[in-house]
Amino acid sequence: MKILVVGGGGKEHAIVWKLSQSRFVEKVYCAPGNAGIARLAENVNIADTDIRNLASFVEKNGVDFTVVGPEAPLSEGIVDYFNDRKLNIFGPTRKAALIESSKIFAKDFMKEFRIPTASFVSFDRAEDAIHFLEHHSLPLVIKADGLASGKGATIADTLEEAKDAVRRAMIERAWGEAGRRIIIEEFLPGHEVSLLAFTDGKTVLPMVTSTEYKRVSDGGHGPNTGGMGTIAPNPNVDKKTVDRIVEEVLKPTVDGLRYRGSPFKGVLYAGIMIRENDFKVLEFNCRFGDPETQAVLPLLESDLMEIMLHIHHDRLEEAEIKWKENIFSVCVIMASGGYPKRYKKGFQIKGLDKINDNQTVVFHAGTTRVGEKIVTDGGRVLAITSWDKNLKAARDRAYRAVEKISWEKEYHRKDIGIGFI
Ligand SMILES: Nc1ncnc2c1ncn2[C@@H]1O[C@H](COP(=O)(O)OP(=O)(O)O)[C@@H](O)[C@H]1O
Ligand SMILES: [Mg+2]
């Protein structure tokens, strides 16, 4: 089969890497891809939201199956459009993707289907939100309703921070239309875990758990980022808890969406806050997460394309999914100095050729090729993933690789994995 992967970040590199090992896959295209993806796939210079041109490319080149990485094209209806043109595609429709693309939709949905989540109120007028804040105690969490590239949530400890978050979203429109409406929700203490699952709209098969390091600095300090590293599986989350998350969160979500007439097919991601024996949903994503995917997919024994085909044909219940047993992975993000604020791009990356370890993969996130050189092209540049018999060994392996790679003003956290070993 000829496959097109839509996207060009670290998780798309991991998807391309795993798909290119499939016995069903002969050729992979990736739009727009990056310098690392180019070693496994043919990059195609079409933006991930240019849905019409992606469809035309698929028709012209006889692509059999398209896999969508990012949330933007999904929320803009790439799956509906491809379905109309009778093109095979993996991912949820625009309506099913609302579970990620509108936090108000997701919260109302969870309320209706009794899925545990933080209590919340939604607002479409800044004055009302500010009035609410003035009459409730903090901390509270303020979130833009729409897609904000992971920047739309603020945990406010003071009234000033809380009001600022409301103004930024609703008045300054820092995230455009995404901030036209907001939610204010209860602050949940606890430990975060992500649980991704494959689903064909009926059957739900969970992946291994993972936990992301969100803040920019060691020890969990500094502003939130798109993710500075991940571990998988999370050794503190036992099987019983995973089973409960499947039964109490993922299955009711998939059932509820089907019941509402918009069945969800693809990868459903639940961000969960666990506290003692209880847990609540922080949010859903309608796709693979980043950088969870870079740590999770190397642990998948089964053929990813085969799973996707089972989903495509509504036969996931027949699929058997195997994970590497007693193997853990650690993913360390190497970023541009200054990220998540201002940073410079275009620095040559050195040392990539020094990595030859069959339990380490260097996934590229923000890279591009300039002549013979591979240069930095984004905030998060590389995702170095290693796996081994325990988290400590995986962590040591990943950092050994990190030490061999360098560029001007490179930055990474030094504590990925710590806290779990
Ligand atoms: N109710 C909450 N209580 C505590 N922390 C939260 C809460 N909601 C979100 N967070 C924190 O903020 C992060 C981002 O929020 P999330 O809902 O995942 O939005 P997004 O990923 O779209 O920015 C979460 O990963 C979590 O660390
Ligand atoms: Mg999130």
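A97 touches L74, S75, P92 and C286, leaving aside residues up to four places away in sequence. Touching here means that the C-beta atoms, placed from the backbone, lie within 7 Å. This is a predicted model: local features need pLDDT of at least 70, side-chain atom pairs count only at pLDDT 80 or more, and totals for chains, interfaces and linings use all residues. Residues are numbered from 1 along each chain as its sequence is written, while chains are lettered from A and ligands numbered from 1 in the order in which they are written.

- A97 sits in helix 5 (residues 94–101).
- Helices (H or I, at least four residues) and strands (E, at least two) are DSSP runs, numbered from the N terminus.
- A97 counts as buried because it has 31 C-beta neighbours inside 10 Å.
- The cut-offs are these: a residue is buried if 20 or more other C-beta atoms lie within 10 Å of its own, exposed if 12 or fewer, and partly exposed in between, with C-beta atoms placed from the backbone.
- A97 and K265 are 168 residues apart in sequence, yet their C-alpha atoms are 9.6 Å apart in space.

**Helix 1**

- Ten of the ten residues of helix 1 (residues 10–19) are buried, so this helix is largely enclosed by the rest of the structure.
- Among the buried residues are K11, E12, H13, W17 and K18.

**Domains**

- The protein is divided into domain 1 (2–91), domain 2 (119–186), domain 3 (191–318) and domain 4 (328–411).
- These bounds come from an automatic or database domain assignment.
- The centres of domain 1 and domain 4, taken over C-alpha atoms, are separated by 24 Å.
- Ten residues from domain 1 and eleven residues from domain 4 make up the contact.
- On the domain 1 side that touches domain 4, there are five nonpolar, five polar and no charged residues.
- For these classes, Ala, Val, Leu, Ile, Met, Phe, Trp, Tyr, Cys and Pro count as nonpolar, Asp, Glu, Lys and Arg as charged, and the others, Gly among them, as polar.

**The parallel sheet**

- Strands of a sheet pair through backbone hydrogen bonds, either parallel or antiparallel.
- Two strands count as paired if DSSP finds at least two bridges between them.
- One open sheet has five strands in the order 3-2-1-4-5, with parallel pairing.
- Strand 3 (42–43) and strand 5 (89–90) stand at the edges with a single partner strand each, so one side of each is left without a neighbour in the sheet.
- Strand 1 (residues 2–7) and strand 2 (residues 27–32) pair in the parallel sense over six bridges.
- L4 has Y29 in strand 2 as its bridge partner.

- An open sheet of four strands runs in the order 6-9-7-8, with antiparallel pairing.
- Its edges are strand 6 (120–123) and strand 8 (153–156); each has a single partner strand, so one side of each is left without a neighbour in the sheet.
- Neighbouring strands of this sheet are turned by 20° against each other on average, direction ignored.
- That angle is taken between axes, which are lines fitted to C-alpha atoms, for helices over the stretch in contact; angles run from 0 to 180 degrees between N-to-C directions.
- Strand 7 (residues 140–144) pairs with strand 8 in the antiparallel sense over four bridges.
- L140 stands opposite A156 in strand 8.

**Around ligand 1**

- Of the 16 residues around ligand 1, A118, V141, A153, L188 and E283 come nearest.
- A residue is near a molecule or strand if its C-beta atom, placed from the backbone, lies within 6 Å of it.
- Strand 7, strand 8, strand 9 (182–186) and strand 17 (278–285) are the elements that give two or more residues to this shell.
- The shell has seven nonpolar, three polar and six charged residues.
- Domain 2 and domain 3 each supply at least three residues to the shell.

**Backbone exceptions**

- Most residues other than glycine have a negative phi, and most peptide bonds are trans.
- A cis peptide bond joins A31 and P32, with omega about -5°; P32 lies in strand 2.
- The peptide bond from Y339 to P340 is also cis, with omega near 10°.
- P340 is in the loop between strand 18 (328–336) and strand 19 (360–364).
- R114 is not a glycine, but has a positive phi of about 55°.
- R114 lies in the loop between helix 6 (103–112) and strand 6, and is exposed, with 10 other C-beta atoms within 10 Å.
- R173 has a positive phi near 55°.
- R173 is found in the loop between helix 8 (159–171) and strand 9, and is partly exposed, with 14 other C-beta atoms within 10 Å.

Key
Two residues are in contact if their C-beta atoms, placed from the backbone, lie within 7 Å.
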